[in-house]
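Hi,

Here is the structure I promised to pass on to you. Have a look at it first, and then read on for what turned up.

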Amino acid sequence: MYDRKQMEEILKENVVNLRFHARGGQGGVTASNLCVEAFYGYGICQPRFGAERMGSPTESYVRLSANEDLIRSNEQVYAPHFVSVLDPSLLSEVDVIAGVPKGGWLIVNTALNQQEIQEIVGRKDINIATIDATRIALEVLGRNITNTIILGALIRVSHLFTLDELADAVMRRFKDNIAAKNVEAIKQAIEDTCVYDIGIQMDFTQDTKISWQQVELGLPGYKEVDKAGVWYCDEETIPVGSDQVRTGSWGEWDIIWDEETCTDCAQCWFICPDFAILREKGEDGKYHMIGIDREHCKSCQNCLEVCPVNAISKQLKQGPASCAVPEEELKEAN
Ligand code: SF4
Ligand code: SF4
């Protein structure tokens, strides 16, 4: 890990690249904006969205340097020195370590320990920092918004900016009481971050740009855009939409239905955006609620809010943090 002075030297002649992985609504783009606002030098950030939906995977990219001429690139970051993952479920859904060089840093909001992360991502040549940001967010902010908290972990391992610099940026951006709570959460994150430094220093002078690539859209059955700008398909049915996406991995809550309390009013069924309330035709010829489809429930909690008899509740998927694997133990495992 480089200290602040070493990082300042590196930034004079190099660009430090960052990538944030989040889900729509978690504030990954705000986190990347705050990096630039907190940084003393020059910075640029770009977001990349997929589906415009709450919960869908998003990415955002940041370039930082003390040299103004080095950051004039508007493309994606393909080889990030620091990757921050705001949602633990993304670890198994997105290639979060794509392009990370040897000695790069993976910072994850998770209750898993570093060894478990190594196994999931299949890399032992990168440094790992873990923070149970979901717990801090729920305790301090009262909502699962982990974007500023993950920046606390980033400060701890990167020294790109200080707590005071980030706190200033947060105070400028948010209203007083919200900003103060976020600063408190960031302080806690700096303390609680579990750092596993494998001792390999990154080479920032290496060119991390890769040549432009054609991106495959991968839509089944689609042909090229016709002259009117419309996608078309030979097949009668085009299998797209929520049904094709396992949105069940998108949320942090398990949604629990209490059959005994339920009065079968169907209000949850009307409001569910992902058709995750299951109903079946009974012997009386009417439809009755039979449960929740975990493959597609993205834990938006709409059903909790509308249920008139509180027959639906939630339980955090992520258990308590277990990040404190002794560093010696991890080094032996490598
Ligand atoms: S939380 Fe409720 S409303 Fe939201 S997706 Fe799950 S079942 Fe549907
Ligand atoms: S809103 Fe509540 S009571 Fe009504 S069907 Fe859904 S779970 Fe049952």
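Which residues are the closest to ligand 2, and how many surround it? In this predicted model, 14 residues surround ligand 2, and the closest are Cys-262, Cys-265, Cys-268, Cys-307 and Ala-311. By class, that shell holds 11 nonpolar, two polar and one charged residues.

Ligand 1 also has 14 residues around it, with Cys-272, Ala-276, Cys-297, Cys-300 and Cys-303 as the closest. Its shell divides into nine nonpolar, three polar and two charged residues.

Helix α7 covers residues 176–192, and at 1.5 Å a residue its 17 residues should span 24 Å; the C-alpha atoms at its ends are 24 Å apart, so expectation and model agree. Buried in α7 are Asn-182, Val-183, Ala-185, Ile-186 and Ala-189. Seen down the helix axis, the buried residues of α7 fall within an arc of 165°, so they line one face. The buried residues of α7 pack against β6 (127–131), α4 (133–141), α5 (147–158) and α6 (163–173).

Helix α6 has its own buried residues: Leu-166, Ala-167, Ala-169 and Val-170. Viewed down the axis of α6, these lie within an arc of 160°, so they line one face of the helix. Asp-164 and Arg-172 are exposed on the face turned away from that buried side. The cover over the buried residues of α6 includes α2 (28–38), α5 and α7.

Enjoy exploring!

Notes. Residues numbered from 1 in each chain as written. Chains lettered and ligands numbered in written order. Predicted model: local features only at pLDDT ≥ 70, side-chain atom pairs only at ≥ 80, totals over all residues. Helix = DSSP H or I, 4+ residues; strand = E, 2+ residues; numbered from the N terminus. Expected span 1.5 Å × (residues − 1). Buried ≥ 20, exposed ≤ 12 C-beta atoms within 10 Å, placed from the backbone. Arc of directions from axis to C-beta. Contact = placed C-beta atoms within 7 Å. Near = placed C-beta within 6 Å. Nonpolar A, V, L, I, M, F, W, Y, C, P; charged D, E, K, R; others polar.
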